[in-house]
There are 2 protein chains.
Amino acid sequence: MKLCERQPEAITPGARMKDMANDRKSELYEHLKTSILIFRLLPGANLDEAQLSKTFGLSRTPLREVFRQLAGDGYVDIRANRGARVSEMSYTTLRDFFLAAPMIYGAILRLAASNAAPGQIEALKAAQHSFKKSLRTGSSADRALANNQFHEITGDMAGNVYLLPSFRRLLIDHARISMTFYRPQNARMTENVSLASDQHDHIIAAIEAGDENSAAQLADEHWKLSRDQIETFVMPDALEAPLGALPQKTGMRTE
Amino acid sequence: MKLCERQPEAITPGARMKDMANDRKSELYEHLKTSILIFRLLPGANLDEAQLSKTFGLSRTPLREVFRQLAGDGYVDIRANRGARVSEMSYTTLRDFFLAAPMIYGAILRLAASNAAPGQIEALKAAQHSFKKSLRTGSSADRALANNQFHEITGDMAGNVYLLPSFRRLLIDHARISMTFYRPQNARMTENVSLASDQHDHIIAAIEAGDENSAAQLADEHWKLSRDQIETFVMPDALEAPLGALPQKTGMRTE
DNA sequence: GTAATTTGGTTTGTATGCAGTTAAAATTTA
DNA sequence: TAAATTTTAACTGCATACAAACCAAATTAC
């Protein structure tokens, strides 16, 4: 969404040539970002400077600056003398995720409802349109990216510079976790996704009405649905285990 | 605290030469970090590549990578073709700060109490020792840095990768806000700082006991004290205004 | 005299070559 | 054959040179 050093001003035909290099840079950023979000690049994968340098027509210097930015945003880790790798997802990070997500998501949607600008609401509706389309015709990667886009906009609406870093970090792994666990064949999952889409509509309505409390409650419901979807994978129907027992896991100790 | 690409392994005499460049890099990072925290570099100030390059004996390439990292951590902003500037502190960011800080601080201290490792507790005690020393003999910059160090360690204890980005961002501006508003001549302020030190001691005790609820409550009290200190500056005694009327400001609208 | 434009100097962005480091293959040795 | 050591190839980090963009002062046009 944002490459912090470039605001997407109107591109005049004459300016297109001058911006080529900068475009290649943000192109590379977007490419790597989406590749990581949809698991085209798996956690732990090495980013090959030489190859990316060739395919994107950039020398290694600006390439490495993009790596640094991706590291700052949480997409990759940089280790001394060993290049950049896609940031890992371990069992402990999954636990961290379950602890942090409900709190941050609730706060972001609450703030979004109280701060959203008209233009942002239009952008959110457009994102929701894309999301619905991806449910009908797209791959699960399309779905994950459209969903990611929807929630990134809610983050922009909230516009709190202190909450956004954590929110963005959560969105990265939320997309990746969804890519891991989503199975369109599963009946419950397709139903859940349809429910999620409905919740998006309600979220838009709450934001448009400036209804903070409603937005916060919807955030909670939306989160719980997403959590259930993960649990549906972790504990599939065939086992016929009582799903009601699972939520305790959220608070358990792993150490 | 951390320069993400280097873990401080034991430095053998023979390895010193090899690490020189890397040391200059992390030295530069620390220098800029502390300079920004203690207002030696003011918000909006330009970072001069040429001059820093000379004074730190680094070429511009690694220098710019440090800029990128500082940008990722929230210390500076990088704008296309216009270099790096110390990140701004506006009236709206102050409002964002007041909204986000209580929530994040509470979560971090709660997690710190449940996760802290013995070595980290020792580090926290050492940091508190430095903090007390800075109260007696140090400048207000020393005090801000020691306090920052104390809270950074609590963040490490919590160890939640999704909450840390926001927590670190908050700590940056908490230090800067303190530098703005702290006046050691003011009697109430010196009393507040002494209270803060006591609270640090209680926080250490709660963490050592693994008492989550107590830690969370102390976080709340510690935050409120800090907030009062800011209010003491915003509405000084001389005006003899009812302080009880002020807390509403925390929730007011600025748009 | 004011506004627009050009020009020179400064700063930022990129490419490339070299030096240092790591990882792996090949050789030696027991 | 297995372990240890040397060699070799590939990759990462840094410095420098060059190109592009920006800014401000000076010139020109009106």
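This is a predicted model: local features need pLDDT of at least 70, side-chain atom pairs count only at pLDDT 80 or more; totals for chains, interfaces and linings use all residues.
User: I'd like to start where the chains meet. How many residues of chain B are in contact with chain A?

Analyst: Good place to begin. Contact here rests on C-beta atoms within 7 Å. By that test, 30 residues of chain B are in contact with 30 residues of chain A.

User: Which elements of chain B give two or more residues to that side?

Analyst: They are α3 (60–73), β1 (76–79), α4 (91–115) and α7 (164–181) of chain B. The largest share comes from α3(B), with eight residues.

User: And how do the residues on that side divide into nonpolar, polar and charged?

Analyst: On the side of chain B that touches chain A, 14 residues are nonpolar, seven are polar and nine are charged.

User: How are the two copies related?

Analyst: A turn of 180 degrees, with a shift of 0.0 Å along the axis, places chain B on chain A with an RMSD of 0.1 Å. The two copies are thus related as by a two-fold rotation axis. If you want to find that axis on screen, look for G72(B): its C-alpha is the nearest to the axis in chain B, 2.1 Å from it.

User: Let's turn to β1(B). Which strand is joined to it, and how do the two run?

Analyst: Its partner is β2 (residues 83–86) of chain B; four bridges join the two strands, which run antiparallel. One pair to pick out is D77(B) with R85(B), its bridge partner in β2(B). Three residues lie between the strands of this hairpin, and there N81(B) takes a positive phi near 60 degrees.

User: Which residues of β1(B) are on its covered face, and which on the uncovered one?

Analyst: V76(B) and I78(B) make up the covered face, while D77(B) and R79(B) are on the uncovered one.

User: Why does F233(B) count as partly exposed?

Analyst: Count its neighbours. A residue with 20 or more C-beta neighbours within 10 Å is buried, and one with 12 or fewer is exposed. F233(B) has 15 inside 10 Å, so it counts as partly exposed.

Terms used: Residues are numbered from 1 along each chain as its sequence is written. Chains are lettered from A and ligands numbered from 1 in the order in which they are written. Two residues are in contact if their C-beta atoms, placed from the backbone, lie within 7 Å. Ala, Val, Leu, Ile, Met, Phe, Trp, Tyr, Cys and Pro count as nonpolar, Asp, Glu, Lys and Arg as charged, and the others, Gly among them, as polar. Two strands pair if DSSP finds at least two bridges between them. Copies are superposed by least squares on the C-alpha atoms of residues with pLDDT of at least 70 in both.
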